[in-house]
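Here is a short walk through one protein chain. Keep the sequence and the structure in view as you read.

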Amino acid sequence: TKKQIQLEKTFVELYSIVICPYVQRVRIALLDKKISHKVHIIDITKPRPDWFLKLNPLGKCPVLVHDGNVIVDSGLILKYIEDSTIFLYLSFLFIL
């Protein structure tokens, strides 16, 4: 595709609930790939804020926002992370 995913060079935000194992596996993947990111904690003791429901109308975490793209569901987020880092690795090999 013309617009290639490059997580390392752009801003990544992760919306999280502290005790969620699905969020934790996304965090592990981001840390493992050394992708800098900012984590926003959603307070589960209160109703979800409107701004969060605009990102994910279901109100569930995790939610990853990258370069205007909103990805929900930990499985889809992990695939997005993996696909983008594979692209960066292959790009590096072709430069050599």
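What share of the contacts in the chain with a separation of 6 or more comes from residues 24 or more positions apart? The share is 63%, where contact means heavy atoms within 4.5 Å.

A word on the source. This is a predicted model, in which local features need pLDDT of at least 70 and side-chain atom pairs count only at pLDDT 80 or more, while totals for chains, interfaces and linings use all residues. Residues are numbered from 1 along each chain as its sequence is written, and side-chain values use heavy atoms, with hydrogens and water left out.

Start with the fold. The chain has three helices and four strands, taken as DSSP runs (helices H or I, at least four residues; strands E, at least two) numbered from the N terminus. Along the sequence they follow the pattern β-α-β-α-β-β-α.

Now look inside. Of the 96 residues, 33% are buried, meaning under 20% relative accessible area with a 1.4 Å probe, protein chains only. The largest nonpolar core holds 20 residues. Such a core is a set of buried Ala, Val, Leu, Ile, Met, Phe, Trp, Tyr and Cys residues joined through side-chain atoms within 4.5 Å. Leu30, Leu64 and Ile81 have the most contacts inside this core. Strand E1 (12-16), helix H1 (21-32), strand E3 (63-66) and helix H3 (74-95) each give two or more residues to the core. H1 gives the most, with four.

Follow Leu64. Beyond its neighbours within four places in sequence, Leu64 touches residues including Val12, Leu14, Leu30, Val70, Ile77 and Tyr80. In soluble globular proteins, nonpolar side chains tend to be buried together.

How values were computed. Buried < 20%, exposed > 50% of the residue type's maximum accessible area, 1.4 Å probe, protein only.
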